[in-house]
Every structure is written in structure tokens, then in C-alpha cells.
Amino acid sequence: MAMDGGWVKGQRYLNRELSWIAFNQRVLELAVDAKTPLLEQAKFSAIFSNNLDEFFMVRVASLIAQVESQSSRCSIDGRSAEQQLEAIQKRLEPLLKQQQQHLNRRLRPQLERRGIGILDHRQLSRRQKDWLASFFRNKIQPVLTATRLNTPGIPFPFISSLSLNLAVEVRGQGSGNRELIRIKLPKKNSPRFITLPEALHGERSEAIHLCVPLEQVMEHNLKALLPGRQITSVSLFRVTRDADLALREEEAEDLMEAMQTSLRRRTAGGEVVRLELSAGTPAAVQRQLTAGMGVPRARVNRVDGLLGLDDLMELQGINAPTLKQPPFRGSTPAPLQRCQSPEEGRQASESIFRVIRRGDVLLHHPFDRFETTVEEFIHQASLDPSVQAIKITLYRVSKDSPIIASLIAAAEEGKQVLALVELKARFDEDNNIRWARQLERSGVHVVYGVIGLKTHTKIALVVRREKGTLQAYSHVGTGNYNSKTAALYTDLGLLSADPALGQDLISLFNYLTGFSKQSAYRKLLVAPTTLRAEMLKLIDREIEHARAGLPSGIKAKMNALVDQGLIDKLYDASAAGVKIELIVRGACSCTSGIAGLSETIRVRSIVGRFLEHSRLFWFENNGQPQVWFGSADWMPRNLDRRVEAVVPVENQELVGRIQQLLELYLQDNQASWHLQSDGRYRAPEPAEGGSSAQEQLMRGV
């Protein structure tokens, strides 16, 4: 199978938006793959839908804004915003149809045969319907509000983004006038799928879990909410709104207050960029909805099946281990096994700081446990009386974060604690505001970064008094300080006591807190000051080596590659004969294998159980490889509009381990999609004894 990445013959670049859709199609392929366990199929289908929601809220919304402002801006491949919107719609239609067909024709029937039923109301027995009617009266009806949508002289009510709503056509008693009523599904008060008690499994005695979609429970019990009304039609609809936050930092006296105001605007809603309707929605209802919200026909999608399939993630709570991936719990790296905090009567043999002083420690999550590495580093720093200060950047933090607890404990012990909380982390803004307030109340010094830049770097610094001097301990990583995503994403990290690296982090934190205008660093490459220029220099050096007949090569792994300047430089390297291996999970605008342009460039995408999130850069350098990793993708926003940090790996043993890691990924023929010269991605071909990088890493290879 091949997937279209958005290239048209003769073009130099692939379209970013279409390339991203090709990535999300690879996610969908995991959902529809018969080899994927059934509940994992539901999970990947939910991820596919959630990804699309964000794509519409941000990327599609931006293109619509360009069209409405009559912008002449074109994409990297020369398409206007209008042309991109047309191409997006054309590319998504078959994917959405495939997702629904898989759910309705394969996944639901197969789950039902294995004892998990997502039942339609018409499949229920009288006892089951009676129980749901009672459930509706007691648990759902009290929180519902019915709102008229077509009251003359009254503005159309606001419909919040991503909410699910019933549009109910009713006729009053003795009246021929039709009214359109909107009832919002109370998903904050109720799950999307209402579980039937085991006592009501009836003839399905072998059933593990039976549930009914919330909208169907509501639809078949509406007479209790709308007494005296004749219900003539019931439809389900969902809107997606522009979620971009316009924040004018320079004019904001209080950044947190300005962010809260922007969040209220998001909640109040930007423009509707997509309206989803159940397939049977009457034409008259569609006209009233589109007119009331000002939605043009091109933004309306009729869905033959369940709307809001991101809610399929709820099925992960079902206790059916044979229908899921086996649970995975990483291990603790050998150097850190003797320095864990006391547990079940076991005492740590030595402190984590002594271990780090002996040599840099390379971390690869989730195969190396986040709890016993990064969290342990911050935890021991919070308790160690010799630690004077802790500094850390927080971009996305889990809701019950142990790292936050350690920072608060350190502040309460009188240590100097600095937390840079990025309030502009998209879709995590509200969560970060809450953490910032809690940290401030606990005595942590909280700052919000450099005006005009988003702080995306993942760095932590611990300063410890040792023998009358101050010693810096550093952590630089590719992933957030988030225990939840650390179990789901693959990320790299480095723990180091290198004094020069420690001084770089001190300088970088001073820059972030506004106390310096640092533009030069000893070891780190930092965006937006040095990273782009240094990456271009590193590629230029490989070009020089290739032209001189010396060993050359580039291997890079990242989430996205869409920066035109770096792509052009890779094309120059390809023309010089440099072998270039790229592992790009998502959007990639760089072509592969085109004679005279990208002949020596090979691009692949790994899509598997874990989200590949690490950014890693390898330069052959005439047989003396230089290796870097950090928080930055090769995208204009990462290189020019964010604070990012990329760290060198200098320990030769660790360089060797990274070489082995890259080879594992490059040899993957189970989860690796290859970009072809025509812009399409070729699926992995099943083979006996095939190699999956993630599976091998889970086995400790």
C-alpha cells in the first residue's frame, strides 16, 4: 500500500498539510490492521480523530483565515490557502469513510463476539431500556438544558467547540409551528458510553462489558425532557472552532491574566471551521444550523456513524487484557539502580549525584523508566541538604505530577527553586496556569519566559554545594517533564555533571528569566540564537568531506521536517553525494530519491505502539561522529520562534549506544513507512523474522 504525501511531479517540496494527513493515515492503518489487538484498534482510531480535531482547530483554521483575509501567501510547494483546503478535503474524505466502515463493519462486531458490546438502543431488551430510562431520569436529565435555536429576534446561541449536541425538531401541541431545540450532551457529568450493569447482561451471559452511546440514551428518553411536544426528528451535530490564541505579550502587564483572557476567548469560541452532522440530519435542520453559525457548505461533513470518535479512548478502561497490548514497564538503567530512594525497606547505596559525577547517563524513555531516572533526580535534589537550587522548564505537566510535588517540597525546605512555566503550551494553557499558581503559593519562583518566544526547551539544573564549591548537575531532554507522556512517547535525556554544560544551563536560565541577553554557549546549541546556523554548518562540513572523498553522512530523527532552508541544505548535501537517512514521524516537506535533487536522501516514518518523539542528529564527520539531541524539530517555529536547546553527546560509549539505536530504527521493517520519489509512503511489508525497533527495545536489545 502506498500513501500520498502531497508531492506533484516537478515540485521541489512536499506540502506540509498533506504530508501531515499522510502521517495521520499511518495512525489509522494501525487502527484498521487486523494484527492490532481489538481495544488497541479502538485506541488508535481515537488518536486519529483527536489528531484531526487539533489539525482543524489550528492548521485548517489558519488556512481559512488566510482565505478570508485574501492573503497571497503560498505554501512551501506553491499552493494557495484555497487550493490547500480543497486538497485537504479531498484527501480526508476517504479516510473518514474508512474509519467509520472499520468501526461499524469490523471492530464493533468483533468486539461484540469477544464480549464487549457497543450496542444500539434498538438492540436492547425491555429491561435494559427501562434501566436506561431510569438512569436518564436520575443521572442525566437534571443537568440538561434545552435551548431554542430558531427563536425570531433572538441571536443564535453559542455552540462550544468539540461539544456533541442533539438538534431536536419538535412541534407543539395543537400547533403546526416547528421549533428546533439544541440539547448539549453532558460529557463532563457522564461518560460517552453508558455501561449496563452485569445483572442486565441477560442472554449475553458471556459478556464482559456492554454499553450504549450517551446520545442514544438521551434520544430515546427525550419525551421526559420535552413533555407535550411532538418530536419529528433528532440529529447529532458537533462543531470545531478556531483554537488559535492571539496573545499580545508586549502590551500585557500581567501575562497570566492576559492568557486567562485569551483562554476565555477560546472557550467563547473562534470561527467554526468544521460542522459534523449525523448522516440522517434533515436538510431543513442543516440549513438552520449552517445559517445560525455562518458555516459555508464546504465546511459541513455528514458522518455515517458515531461522531466524536476520540471518545473511543474510554474503552481503554475495560478490563480485557487479552484484547490489549501486554503492559510494559521499563527498567532502571544500570548506573542508577544503586541510587534509588528507599522502597519497601531497601536503602539507596549511594546518591544519584555521585553516580552522575562518575559519567554522563543516557536515558531512553519509556524503555528507561521516567520514575527512577528523571523523577528520582528531582526528588533526591528536593531532599538533599547539600542542594542549594533547582531550576526547571515546564511545558506540559501531568495533572498529578511527582515533579511538581518535589519542587514544592524543595521550596518548603528553603531551597531556591525556579520553575519556568510555559503558559502558551497549546491546549495545556489552563493546566499550566493552575500549576503556576500552586507553585507560587508554595514559594517557588515562577517565571514565564522571553516575550515573543515560546519556551519549548526541556532542561533542568540542580546546584549542589560540595567541598566548599558549587557543582552543577544537568538534565537535557527531548520530552516534557510529564510522567504520563513519558510512558507513551519515546524520548532521550542526558544526566551530566559536565561543568561547561552546567554553565550553559545557568546562562540559559538567566536568559529565560530576563537577566542576560546570552547569544553564545559553550556546548549547547540554542534557538533562536545559534541552533539554525550551527546545524547548517554541520551539514556544510559533511558536504566538504564528501567532496574531498572523506567519510560523510547524516542521520537525523525528528517529529517534523518542514524548514525550507534546512531542506535546501540537505539537497545541496545530496548533490555532493552525502548519504542522508531521515526518520521523520510526521509532516515532511523534503523529497526522497529524486534524481538530481534528493537522490541520496532516504526518508522513513516509524509509527508504532509508542509515539516517536525524540529529536536526534548524527553527523559522520570524517569517521569521528558528532551526535546531538534536544527539543527542536527542523521547523521554522522551532528554529526561529521558540527557545530550544540541543545538547552534544561526547562520551564515546554513549555515542556507540546511539549508533546502535539509530541502526535499530533504520533496520525496522515492521513499523517503518518509506517515502517514495513520487511523494507516497510505502507500507512496511510483512516478513518472517521482521524487525521492529520498539519491540526490540522493549526486550532490552
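# Briefing: strands, helices, spaces and backbone features

Strand 2 and strand 7 (residues 209-213) run parallel and are joined by three bridges. The model is predicted, so to speak of local features a pLDDT of at least 70 is needed, side-chain atom pairs count only at pLDDT 80 or more, and totals for chains, interfaces and linings use all residues. Residues are numbered from 1 along each chain as its sequence is written, and side-chain values use heavy atoms, with hydrogens and water left out. Helices (H or I, at least four residues) and strands (E, at least two) are DSSP runs, numbered from the N terminus.

- Strands of a sheet pair through backbone hydrogen bonds, either parallel or antiparallel.
- Here, two strands pair if DSSP finds at least two bridges between them.
- Across from Ile116 you will find His209 in strand 7.

**Helix packing**

- Two packed helices are described by the angle between their axes and the distance between the axes.
- Axes are lines fitted to C-alpha atoms, for helices over the stretch in contact, and angles run from 0 to 180 degrees between N-to-C directions.
- Helix 2 (residues 38-68) and helix 3 (residues 81-113) have axes that come within 11 Å and cross at roughly 160°.
- Helix 2 is therefore roughly antiparallel to helix 3 (angles over 145 degrees count as roughly antiparallel, under 35 as roughly parallel, 65 to 115 as roughly perpendicular and the rest as oblique).
- The crossing of helix 2 and helix 3 is left-handed, a label used if the near helix is turned anticlockwise from the far one by less than a right angle.
- Residues in the contact of helix 2 with helix 3 divide into 19 nonpolar, eight polar and one charged; Ala, Val, Leu, Ile, Met, Phe, Trp, Tyr, Cys and Pro count as nonpolar, Asp, Glu, Lys and Arg as charged, and the others, Gly among them, as polar.
- For helix 9 and helix 10 (residues 402-412), the axes come within 8 Å and cross at roughly 15°.
- That makes helix 9 roughly parallel to helix 10.
- Helix 9 also passes helix 10 in a left-handed crossing.

**The second largest pocket**

- On a 1 Å grid over the protein atoms alone, a pocket is an open set of points with protein on both sides within 12 Å along at least five of seven lines, a cavity is a set where a 1.4 Å probe fits but cannot get out, and lining residues have an atom within 4 Å of a point.
- Grid points are joined across faces, edges and corners, and a volume is the space filled by probe spheres set on the points.
- The second largest pocket holds about 920 Å³ of space.
- It is lined by 38 residues, with Gln89, Glu93, Leu96, Val300 and Asn301 the closest to its centre.
- Helix 2, helix 3, strand 9 (272-278) and strand 10 (300-303) are the elements that give two or more residues to this lining.
- Helix 3 supplies the largest share, 14 residues.
- By class, the lining has 16 nonpolar, eight polar and 14 charged residues.

**Cavities**

- The structure holds two cavities of 30 Å³ or more.
- In the largest cavity there is about 90 Å³ of space.
- Its lining has 14 residues, and His365, Phe370, Gly479, Asn480 and Asp491 lie nearest its centre.
- Strand 18 gives the most to the lining of the largest cavity, with three residues.
- The lining of the largest cavity has five nonpolar, eight polar and one charged residues.
- The second largest cavity has a volume of about 50 Å³, and its lining includes Asp360, Leu494, Lys523 and Glu650.
- Strand 18 and strand 26 (642-649) each supply at least two residues of the second largest cavity's lining.

**Backbone features**

- Most residues other than glycine have a negative phi, and most peptide bonds are trans.
- The peptide bond from His365 to Pro366 is cis, with omega near 0°, and Pro366 is in the loop between strand 11 (361-365) and helix 9 (374-383).
- From Ala527 to Pro528 the peptide bond is cis, with omega near 5°.
- Leu162 is not a glycine, yet has a positive phi of about 65°.
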